[in-house]
Amino acid sequence: MTSFERASFALSVSDAMDEDSMAERVARIATIASVTPSLGLICVRDDAMDAGMLTAAALAASGTGLGIVLESDDVGNLAAAASAIPCSEPVLCSQNGDQMALAVMASTLGAPVILSCESLNGLMELSSAAEAGGCRDIMLNPMVRNMKQCLESTVAMRRLAARIPSADRPLVVRAWSGEYALAMASVSVMRGGRLAVLDDLDPQGCEVLDSLISNFSA
Amino acid sequence: MSRRRQLAEVVLGRGDYAAGGACTEPFLEQDGARRRRPMVLGEVLCHEPEDPLVRSMFSGRTSNPGDWAMMWREIGADGVCVRVRDPDDSMVVAAVAIRTGLPVAVSGPREAVDACADIDGTVLILMDASPGDDGHVRAMTFGSGIAEGPNRMHLVTGRFPEPDAFSEAASIRNRALDGDAYCDAPIAFDVTPVWDDGFTDERSASMIEGEAALAAMLSGADLMIVRGPGAADMARVYGEELADL
């Protein structure tokens, strides 16, 4: 049982923004989310690589009532921000960080975690190890870079999940901005992906993705 | 689980285009998918379209079906789909076929479509507007120079993002891979109903129709009919990437 039984997507905010820009960005995401049910989370990116700035950005995002994804290559920064925000269960993600350290921290905080690895076997090993270490909600990010990889990885993971319990986890796709990001998220949704984290998407793109999730996600 | 079976293809144009011929679920390299992207056909009307956005997207060429079809050729469409209304429109279809040299699909009332059957110089896909006995609408190809082999296609149409038509296409592909002989025919997917509510601007039209085309190809479409040039471009690019061309 996971927190992501229903597909959803997130837009992101960078902690490197100045205070006013960040408030504006967070407000914009909240406004789009108010009319876009599948936009359920804000991803706070640790672009500044600074625990204090990540925490400040996470606090700003937590005021929206949306779920929070904290993303940093520094697991220590994630721990600081996750402990500081009132949202009790931010989702922790560290695409390029130490995945086992991330899993230990998620277990300690009782937080959902996105484990990232380019190899599907590696993802399965991580998933098993994190579960053995006490992680509750585990999601898997195969770190795809394009639509083709997204299609192949998502299908491969779903096929593995039919045979191997440790592979049966919600799948995450990380995409950038604009129409290509929308296309990647669409491929993921249509093949059973559960969470798409995008850097940015305009309201119209969000509406399209929301419709797609409503109509096509399993 | 992975399935692999060689499915039928239909040769179009003067033998230089082919739709179908898949052997796996759409685009799956892990199953040994054939590296072929779906064909993209642009819509042409035999009359001036009412939607000002469509007229604007083709820079006024919509007043002449031949010019309109040529614009589709210039922007890289694999063919055109001419919407005919009455038998006299067959002359327009003949002119489009000769001028573009592209495969031409014809869609409209049966009488108007039948009038196009003897047009020489191309292979036509004639789309029967009335549903078949089994609930599917069928497309037939015939005309000069058609290659040997199956000449039947499924025609699926639906309004994105409503899922029914996409589920139907996926079901046809899956059943064909499971050995259902009736389903073993290429799928033509008309995504133009996505325009039914109209669009306010070119960008949203391109984005939403492009998404509809992406959904269609992931559902197993071998040939897609689109209205906007932006969507055609997106469909071609996405198809090439997914087919790893």
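Trainee: Which residues is Ala130(A) in contact with, leaving aside its neighbours within four places in sequence?

Mentor: In this predicted model, Ala130(A) is in contact with Ala103(A), Val113(A), Leu115(A), Cys135(A) and Ile138(A), once you leave out the neighbours within four places in sequence.

Trainee: OK, and where does Ala130(A) sit?

Mentor: Look at helix 5 of chain A, residues 120–132. Ala130(A) is part of that helix.

Trainee: Is Ala130(A) buried or exposed?

Mentor: Buried. There are 24 other C-beta atoms within 10 Å of Ala130(A), and 20 or more is what it takes to be called buried.

Trainee: What about Leu109(A), what separates its C-alpha atom from that of Ala130(A)?

Mentor: Those two C-alpha atoms are separated by 13 Å. Along the chain, Leu109(A) and Ala130(A) are 21 residues apart.

Trainee: Let's switch to chain B. What is phi of Phe27(B)?

Mentor: Near 70°. That's a positive value, and the residue is not a glycine. You'll find Phe27(B) in the loop between strand 2 (17–20) and strand 3 (39–45) of chain B.

Trainee: Now the peptide bond from Phe160(B) to Pro161(B): cis or trans?

Mentor: That one is cis, with omega near 5°. Pro161(B) is in the loop that runs between strand 8 (152–157) and helix 5 (164–177) of chain B.

Trainee: Last topic, the contact between the chains. How many residues does each chain put in?

Mentor: Chain B brings 19 residues and chain A brings 20.

Trainee: Which elements of chain B give two or more residues to the side that touches chain A?

Mentor: Helix 6 (202–218) and helix 7 (229–242). Helix 6 of chain B gives the most, with 7 residues.

Trainee: How does that side of chain B split by class?

Mentor: The side of chain B that touches chain A has 12 nonpolar, 2 polar and 5 charged residues.

Notes
Residues are numbered from 1 along each chain as its sequence is written. Chains are lettered from A and ligands numbered from 1 in the order in which they are written. This is a predicted model: local features need pLDDT of at least 70, side-chain atom pairs count only at pLDDT 80 or more; totals for chains, interfaces and linings use all residues. Helices (H or I, at least four residues) and strands (E, at least two) are DSSP runs, numbered from the N terminus. A residue is buried if 20 or more other C-beta atoms lie within 10 Å of its own, exposed if 12 or fewer, and partly exposed in between; C-beta atoms are placed from the backbone. Two residues are in contact if their C-beta atoms, placed from the backbone, lie within 7 Å. Ala, Val, Leu, Ile, Met, Phe, Trp, Tyr, Cys and Pro count as nonpolar, Asp, Glu, Lys and Arg as charged, and the others, Gly among them, as polar.
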